[in-house]
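Work through the exercises below with the sequence and the model open. Each task is followed by a solution in steps.

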Amino acid sequence: MTDPRSEFMEEDTMKNKFLTFSIGEEVYGIEIRYVIEIIKIQPITKVPQLPDHIKGIINLRGKIIPVMDVRLKFKKEEKEYNDRTCIIVIDFMDISLGLIVDNVAEVINISEEDIVPPPNSKTGFTNKYIKGIGKVEEKVILILNCNTLLEDEEIDSVSEIS
Amino acid sequence: MKENKNDPLLEMFIFETNELIKQLENMIIEIDKNENFTKEDINEIFRIMHSIKGSSAMMEFNNISNLAHNVEELFHYIRENEPIIDNHSELCDIVLESIDFLVTEVQNISKDEKDIQDSSALIKKINNFLNDIKENRLKKNGFSVVIYFEEGCQMENMRAFFIINELKKSADIIGYYPADIEDSNSIDSIRENGFKINFYINQDKENTKNLINSFPFIKSSNIKVLQDEEFEKKEALNSINKQNNINNKQFVKNLNQNVISVNLQKLDTLMNLVGELVISESMVINNPEVTKLQIDNFEKASRQLVKVTKDIQDIVMSLRMIPVSFAFSPVNRIVRDMGKKMNKKINLNIVGQETEVDKNIIEHLNDPLIHLVRNAIDHGLESQEERLKKGKDPVGTITLEAKNIGSDVAISIRDDGRGLDRKRIEEKALKNGLIEEIDESLSDKEVYSYIMLPGFSTTDTISEYSGRGVGMDIVSKNIQKVGGKVIINSEKGKGTEILIKIPLTLAIMDGMIVRIGKSRFVIPINYIRRSFIPNEKDIIHDSVNNYEMMLVRGECYPLIRLDNIFDIKSDKEKITDGIIILVENEFGGVCLWTDSLEGKQQIVVKSLPHYIKKQVEIAGCTLLGDGSISLILDIENIISEKGGDKSD
């Protein structure tokens, strides 16, 4: 799998680049600057008494990283993992986390003008995790809000520990 | 994320300046105790301020260089002209205030907020002091007086003591002989040779002689103008204290030699790599295809490899160890400042400061230590009058001790104050809704631990230093974070001891790997007492409480089925197909039921990522030889939650 982050890029120029992936019919995008790498699905060690969408932990070259099943987080039906399933490892606010997604598509540029804020109350639940809606050609890309994604109980327990 | 966080020049400046400030602070506290500035001290202070001035000017930190410049000027004058310093305490206060200003300034700088503070008031103070010294220099005369007391007046040493106290009001006393006038053995010396005092005073010879003769019981006195060579140092009088100081200084000096500062991140990376090395070594040596072949030379070579790897491991782990004195040093300052403010005389005893602990632990010790010492001074030690009434020494003693016990390090803070009052604690806990009822059957130790509950405080007045009820529970939390525990001992009227026990290092340990279904768990070897196959007849079911127990050698232990706790499907159908592991600590034990034992292995402990909520039964995780992750059971917690009490 390609490593989307090149050493020559400045943080600023990464701002408008998004890694897109799909969960079912929908395509989501996440800012490249949070993405560390993409790996194939691998054996996950379960940790007892975690919320359903946190599947457990994996060993990434010696580092222990928790993984979250994005399908379950977005309250969609659980699907069996196949050889297209990937884990997107992100690093946000010093927290490392792996996102299990159906498949990874590509890195695309979406400029500011092409992003509109999400509609307020209509579609309900998943809105919380969407920062904006991007339009590229005819496709609609839901831009993820990492802050709220990692929020809820998770960050509370982080601040409790620290 | 600040850009200059990683600026090496800035980091070096902050590190070096902090080192110098720390050195200066320790020095001033000693000086204050001895009430004397020696020539070396003056030189050293000048040198330190000069360094700080230079480096801060280069980095354009004006507040620092400005203040340092003024203090440097002050000590330059003192060094060159050797004036009489009336008020050692005031000079110490000035330096300490400057230190505080500098410390805050350096902290601000690392937050990128330089030059915010206003140093003009402090600088004015410094200059005023300097001017005072300059003026005084011109006025004072030095005299040496020998006093002979009237025959038969008895208790000449007490009379001498009285004279010294009176004289102090108008003169600056350099020294007197015999020095130890509190000892009645000095009486003979005074009777035979007279009592000699050297001092500076704002009066001429005639008036001074009259002043001396005005004191009671004086038969006669000789007065001479003081020559400079005579009686220069008070040090002879304080020689006992000096010896201790020299020992302390030597210790600190030794620390600074042959030492190189290393970036912590590099150390962490090194530790991780050593951990990987241990795993890789295990993978090579335990590779089934190789062990099958049983090659002699290979086994010899691998034994050598294991030996060398272990040595590397030991050294790398010791790299992160630093002496606890680093956590103990702020205590000196606190004792001085608080003692002054609360008018309590305090003797601080520090034992075992060379004991080494992991740097991470030191960081978690700092705040708790400060808080505990504050508590001891504020609540523990009584006022001087109260102590005298109780027949205690008016000088209170606080002892800080650090030592290694087994695989733990034990740090205790003891005071000889009023001790804890069990009744008061119970009542307060009840009143604040922290307990439901007073339980007489609890031991004293258990009741004392109530003070660590959040929201507890027995002081009626919340003083500036403690009593807000937030302190002790934070102390307890901080210690638990590094895997330690706090034990409180006390005797009413005699004193209190707070004991902190912290495991030396959790990084690498010997573990037993057990299997449940498809998952594997690790049990730290040092808790395992026995392992065996269970017999149906040894298992007791308590269906009322849904509780199972096992009889082992006549003793009863709770039976914990790991597959139930962790919600994992076990491979075994009958309980007698599995294996029981009996684990114990000093408080109790449990029987753990598992599918099978997989073998002993040296494991590298990794903590679970913070993102995942902490489970009580899990202490961390590790990577096994085949790269898979295995969770490590927290035996201490499992026993305290479900364990049978040993005393039953």
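Two strands pair if DSSP finds at least two bridges between them; strands are DSSP runs (E, at least two residues), numbered from the N terminus. This is a predicted model, in which local features need pLDDT of at least 70 and side-chain atom pairs count only at pLDDT 80 or more, while totals for chains, interfaces and linings use all residues. Residues are numbered from 1 along each chain as its sequence is written, chains are lettered from A in the order in which they are written, and side-chain values use heavy atoms, without hydrogens and water.

**Exercise 1.** Describe how β2(A) pairs with β1(A) and with β11(A).

Solution. 
- Step 1: Take β1 (residues 17-23) and β2 (residues 26-31) of chain A, which are antiparallel and joined by six bridges.
- Step 2: Find A:I23, whose opposite residue in β2(A) is A:E26.
- Step 3: Look at the hairpin of these strands, where two residues lie between them and A:G24 has a positive phi near 65 degrees.
- Step 4: Turn to β11 (residues 139-144) of chain A, which runs parallel to β2(A) and is joined to it by two bridges. Here A:G29 faces A:I143 of β11(A).

**Exercise 2.** In the open sheet of five strands in chain A, what is the strand order, and which strands stand at the edges?

Solution. 
- Step 1: The order is β3-β6-β7-β5-β4 in chain A, and the pairing is mixed.
- Step 2: The edges are β3 (35-40) and β4 (54-60) of chain A; each has a single partner strand, so one side of each lacks a neighbour in the sheet.
- Step 3: On average, neighbouring strands here are turned by 30 degrees against each other, direction ignored (axes are lines fitted to C-alpha atoms, and angles between N-to-C directions run from 0 to 180 degrees).
- Step 4: A:I57 is opposite A:P66 of β5(A).

**Exercise 3.** Characterise the contact between chain B and chain A.

Solution. 
- Step 1: With contact meaning heavy atoms within 4.5 Å, 20 residues of chain B and 27 residues of chain A take part.
- Step 2: The two chains bury about 2000 Å² between them, with 69% of it on carbon and sulfur atoms (accessible area, 1.4 Å probe, lost on being put together, summed over both).
- Step 3: On the side of chain B that touches chain A, β21 (618-623) and β22 (629-633) of chain B each supply at least two residues. The largest share, three residues, comes from β21(B).

Notes:
Helix = DSSP H or I, 4+ residues; strand = E, 2+ residues; numbered from the N terminus.
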